[in-house]
Amino acid sequence: ALSHEMITPLNGIVGYSELLEPENATEFGSRITKLSQGMILMLQKGLQFGSLKGTFYTFGSEAVGCRKLIDEVIAGLPAFIDSPADHLSIHDPRNVHTLINRAALKIAISEILENALLYRQPGSKVDVYVSAKHSGGVRIAITNKGQRPTTAEFQTALKPYARLDRANGPVPGLGIGLTRAVDAITESGGEIILLPSPPDSVSIGIELPILWANSNSERLGLAS
């Protein structure tokens, strides 16, 4: 019912707003298109949330190249995030691979990266660090400039529909992104944690249990 009653009419609005864009109302048409597409995305996430486990964990684990998947996530970020590639730096010097459900990891990276881009301080960049751990696992750390939450605030943000107020004002979303990310990674044997960082930055770690050999079958060097 939600899909038919809300998403279908919004798709119609997007179609009409795209017709406006070549005319004098370009600015308004673009704004309507972007906001409508963002609302459609949020509604789709809401629909997925209730059936996440049954939908995304059907196909088991596979070897996944972290950098390749991150690039795929960046290409698919929602339209209300302007030029995400211009505000990102990715650090994966060892071409780290992991063994995991690919769909689950994609959800987690997408949700955390989207939050980092939305909450970052204007003019700053988001850094993504991929490293192999001494424990034999993998860490993907996503760091942005912004007010670091307390441990209690972070735990609150992991709950469905919880939102944290930030100095740069309200951001789009339903408050289920981090919940989806945690659910996806937990189902795959990993966890999402708040990493140590200075007070003016936020660093969230996706902790994955299995480090996989790279394409040359070479065991990867280990980071702390």
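A residue counts as buried when its relative accessible area is under 20%, as exposed when the figure is over 50%, and as partly exposed in between. Keep that in mind while looking at this predicted model.

Three of them are set out below.

| Pair | Closest N to O distance |
|---|---|
| Lysine 106 and glutamate 72 | 2.7 Å |

Let's start with lysine 106 and glutamate 72, which form a salt bridge. Lysine 106 belongs to helix H5 (residues 102–119) and glutamate 72 to helix H4 (residues 66–75), so this pair ties together parts 34 residues apart in sequence. Glutamate 72 has 30% relative accessibility, so it counts as partly exposed. Lysine 106, at 31%, is partly exposed too. Glu72 and Lys106 also belong to a salt-bridge network that includes Arg102.

Arginine 139 sits in strand E5 (residues 138–145) and glutamate 207 in strand E7, 68 residues apart. Is glutamate 207 buried or exposed? Its relative accessible area is 7%, so glutamate 207 is buried, whereas arginine 139, at 22%, is partly exposed.

Lysine 145 in strand E5 pairs with aspartate 200, which lies in the loop between strands E6 (191–194) and E7. Lysine 145 is partly exposed at 35%, and aspartate 200 is partly exposed at 37%. Serine 201 lies in strand E7 (residues 201–208). With 5% relative accessibility, serine 201 is buried. Among the residues serine 201 touches are Lys145 and Asn144.

Definitions and conventions:
Residues are numbered from 1 along each chain as its sequence is written. This is a predicted model: local features need pLDDT of at least 70, side-chain atom pairs count only at pLDDT 80 or more; totals for chains, interfaces and linings use all residues. Side-chain values use heavy atoms; hydrogens and water are left out. Helices (H or I, at least four residues) and strands (E, at least two) are DSSP runs, numbered from the N terminus. Buried means under 20% relative accessible area, exposed over 50%, partly exposed in between (1.4 Å probe, protein chains only). Contact means heavy atoms within 4.5 Å. A salt bridge is a side-chain nitrogen of Lys or Arg within 4 Å of a carboxyl oxygen of Asp or Glu. Lists of a residue's contacts leave out its neighbours within four places in sequence.
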